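Work through these exercises with the model open beside you. Try each task before reading its solution.

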Amino acid sequence: MTTLSSKTAAPRSVSGWRSPQAKRAFLTILGWSVALVIFFPIFWMILTGFKTESAAIADPTLIFSPTLESYQEVQERSGYARFALNSVAVAFGSTFLALLIAIPSAYAMAFLPTKRTKGTLLWMLSTKMLPSVGVLVPIYLIFRDVGLLDTRTGLIIVYTLMNLPIVVWMLYTFFKDMPKDILEAGRMDGASTLQEVMFLLLPLTLPGIASTGLLSVILSWNEAFWSLNLTTSNAAPLTAYIASFSSPEGLFWAKLSAASTMAIAPILILGWMTQKQMVRGLTFGAVK
Amino acid sequence: MTKTRASGRTVGGLRTLALQAPAVTLLLLWMIVPLGMTLWFSFQRYNLLMPGMTGFAGLENYEYLLTDPALWAAMGNTLLLVGWVLAITVVGGTLLAVLFQQEFAGRGIARVLAISPFFVMPTVSALVWKNMMMHPSNGVLAWLAESIGLPAVDWFSSLPLTSIVIIVAWQWLPFALLILLTAMQSLDEDQVEAARMDGAGPIAIFFFITLPHLKRAISVVIMIEMIFLLTIFAEIFVTTSGGPGLATTNLAYLIYIRALLDFDVGTASAGGVIAIILANIVAIFLVRMVAKNLED
């Protein structure tokens, strides 16, 4: 009887469900296999960037003599730096503007709430849900008429407005988390609103502002609907530049890979660093 | 709490208004002007190639669009694309979130690798997949298939929409994983432990504890993905250009064709209105959910 009951209980008890070491080893193999399969295209792209064009289209192999040829050619032949500069200008320009406009708004919502605050916030978020393609025609025509097509300024305006709701939202959540007593104390000491914001609020919420800014940079950097439709050559950022490799004439996989690797590397690293804040911004706080 | 603030409310209200004015005004303009124009154009005869033909069109553009087989093909493709990508990313993302929640060696790095595709710009992911992965003779998938004795698939000619689904799902699976993994962290470990003590197996724990806990996060993932997936554009633009035929033309791409290739502003705008209505149906639910969350 005793043996019978121990037998049925054994597989169910925590320690008996095979050995913990075996389970851990199994999970390690499974977890890593899945991660490597998902990451493989990126890994392969990075690798291909260091191959010659003929090695790039040869049978897949991990053994080859690496070369920086493609990196050089991407710069010399198509002027990679020019597009990268456009990306930097557009991503940082729009982020700076968005922060500038959003900080007062988020401050008001967090510290001077009225009956309408919640409604305003939700309305702002809802503008984010307007599909870009729905307003493609008017934006294109307006930009054509005022000469903003294929300009950095044009893209900066679009990206600022595109990211503004998320930026306001994230700043609002960071400001709201700040203890009110500190601001109160500052006010007691006779600080004006501007001083309060400049010397208390901004320094204290700097990490939050920084991660909000990073999210905005990432979103602008990777945006590809407006960049493909509103730019042709002068203001084309990297998303549009990479698209120029889609032409069917000839295969330039090594150059495509080299250019792509340079285009995604900075954002990949920023993305790794800001995962948590990403979730906060992308779900509008609906997932904690 | 409201009483003590009541005295400062009117002053505060004015300041609030002034501080919010720039953001609110800009967003209002950004929303109302193009939206109004889209709506206006959708009732106009307006083709950039035929400058003489103008005037009120009534419902002509809508009629033309709704009787155009291309629209229904595009709607079908949009639904298939959204549906399949959602199915893959939500089911896959949930399973991966459970996997990456377990303790194992190097879990942190494995997680970072798995969420990476989300940070890759769409034109890069589409072209890397199209060329280096799915190329019928030189791609990695063709090589894999041949090395185990299977015929290589010519992905973009024989399975064009499936190819797009794979690329888009690869980009959005990490998004689902990232959100669901965050949601997992608030799972009550004691509850899981208690269930385990009571003899619940891993499958029972998954269905009766983990899944109910993730319900809300899963619906957020579904809604956010729907809003973005409804208007997938760059991936189609750089790989198939909507073809072969209309096989990979979705609603966004059809509007692009009508607007910037055919210069038919009227019809494109009518298409835009349809896209906005579709997105708004989803958005209403999402906003409601966010609003609920603001209260707690």
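Predicted model: local features only at pLDDT ≥ 70, side-chain atom pairs only at ≥ 80, totals over all residues.

**Exercise 1: Confidence**

Find where confidence is lowest and where it is highest in chain B.

Solution. Confidence in chain B is lowest in helix H1 (residues 2-6), with a mean of 41. The highest is helix H9 (residues 160-184), at 93. pLDDT is the predictor's confidence in each residue, from 0 to 100. Helices are DSSP runs of H or I, at least four residues, numbered from the N terminus. Next, take the chain as a whole. Chain B averages a pLDDT of 85, and 95% of its residues score at least 70. Then look at the start of the chain. Over residues 1-9 of chain B, pLDDT stays under 50. For that stretch the model has 3 contacts beyond four places in sequence (contact: heavy atoms within 4.5 Å).

Residues are numbered from 1 along each chain as its sequence is written, chains are lettered from A and ligands numbered from 1 in the order in which they are written, and side-chain values use heavy atoms, with hydrogens and water left out.

**Exercise 2: The interface of chain A and chain B**

Describe the contact between chain A and chain B by residues and area.

Solution. Start with the residues: 98 from chain A and 99 from chain B. Then take the area. The two chains bury about 8,900 Å², 78% of it on carbon and sulfur atoms. Buried area is the accessible area (1.4 Å probe) that two parts lose on being put together, summed over both. A:Ile38, A:Met129 and A:Trp253 supply 7% of what chain A buries here, more than any other three residues. Helix H2 (residues 20-49) of chain A gives the largest share of its side, 17 residues.

**Exercise 3: The domains of chain B**

Which domains does chain B have, and how do they meet?

Solution. The assignment gives domain 1 (1-42) and domain 2 (59-295); such bounds come from an automatic or database domain assignment. The C-alpha centres of domain 1 and domain 2 of chain B lie 34 Å apart. In contact are 5 residues of domain 1 and 9 residues of domain 2. Between these domains about 500 Å² is buried, 71% of it from carbon and sulfur atoms. On the domain 1 side, B:Thr38, B:Phe41 and B:Ser42 lose the most area, together 78% of what that side buries.

Terms used:
Helix = DSSP H or I, 4+ residues; strand = E, 2+ residues; numbered from the N terminus.
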